[in-house]
Amino acid sequence: MTYKQEEIRPYNDTESKGAQVERMFDGIAHSYDLLNHTLSLGIDKQWRKAAIDSLRPYHPQNILDVATGTGDFAILAAKELCPKELLGVDLSEGMMNVARTKVKAAQLDHIIHFQKEDCLNLSLPDDTFDAVMVAYGIRNFENLDKGLREMCRVMRKGGRLVIIELTSPVQFPMKQLFWLYSHVLMPVLGKIISRDSKAYTYLPATMEAFPQGEVMQGILQQAGFSDVKFKRFTFGLSTMYCATK
């Protein structure tokens, strides 16, 4: 099945979405953290913490962070959950280079490692990880179903999945306020800080198109996950999905 966000591409309609997403994040890596925290007013840190807390009762020792980006989620998980090993994977070396610097500064490079991976075709063995997590990256997948099946494949039986993703509010007046914010303020700030206005037009467009709530719950079940639950944060600006293999 094709989902609406899979058809949205940052720059053109001829090049594959994966290649464009890689180039986009390589280009904005230098300013990504600043923009991310500015545009979310810092609330994204609370959402990440809630996602990490959902894994705490399971004491995962081997964690995979998919679409790891600049490593904030990986670093938080390492500090809060104390796993033996955490692997962060991403298409963008530019983003992971920022992450490597942060991990070294945090003296967590004995736990956290990064490698470039296509999240749709992971070069990782079956049944490897106690937990798989994704923060704000899954809506960039060129094929959502395939990416979720790969996460299920590399997870051990009984392992836990947690996904935290930006979503669009559906209730008045937050729906209307968010439209103004995402279509006016976000592209302007994105252009000023990152010098890539298309990236910050693409990102809110994928938020609006991404399947939410019960729809995403069904998609996760079809990918092989069970006990799928979701929780919305901050009037629906972010949604957390938790599941078991």
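Trainee: Why does Y32 count as buried?

Mentor: The model is predicted, so local features need pLDDT of at least 70 and side-chain atom pairs count only at pLDDT 80 or more, while totals for chains, interfaces and linings use all residues. Residues are numbered from 1 along each chain as its sequence is written, and side-chain values use heavy atoms, with hydrogens and water left out. Buried means under 20% relative accessible area, exposed over 50%, and partly exposed in between, with a 1.4 Å probe and protein chains only. Y32 has 13% relative accessibility and therefore counts as buried.

Trainee: What makes the pair of F25 and Y32 edge-to-face?

Mentor: Rings of Phe, Tyr and Trp (its six-membered ring) pair if their centres lie within 6.5 Å; planes under 30 degrees apart count as stacked, over 60 as edge-to-face and the rest as tilted. The centres of F25 and Y32 are 6.0 Å apart and their planes stand at 75°, so the pair is edge-to-face. F25 counts as buried because its relative accessibility is 10%.

Trainee: Why is the pair of F230 and Y241 called tilted?

Mentor: The F230 and Y241 rings are 6.1 Å apart, centre to centre, with 40° between the planes. That angle falls in neither the stacked nor the edge-to-face range, so the term is tilted. F230 lies in strand β6 (residues 226-233) and Y241 in strand β7 (residues 238-244); strands (E, at least two residues) and helices (H or I, at least four) are DSSP runs, numbered from the N terminus.

Trainee: What makes α3 oblique to α4?

Mentor: Helix α3 (residues 44-55) and helix α4 (residues 72-81) pack at an angle of about 45°. Angles under 35 degrees count as roughly parallel, over 145 as roughly antiparallel, 65 to 115 as roughly perpendicular and the rest as oblique. The angle of about 45° therefore makes α3 oblique to α4. Contact, meaning heavy atoms within 4.5 Å, involves residues including R48 and I52 of α3 and F73 and L76 of α4.

Trainee: How do you know that G71 counts as buried?

Mentor: G71 has 0% relative accessibility and therefore counts as buried. G71 is found in the loop between β1 (62-66) and α4, and touches A99 and F114, not counting residues up to four places away in sequence.

Terms used. Axes fitted to C-alpha atoms, helices over the stretch in contact; angles between N-to-C directions.
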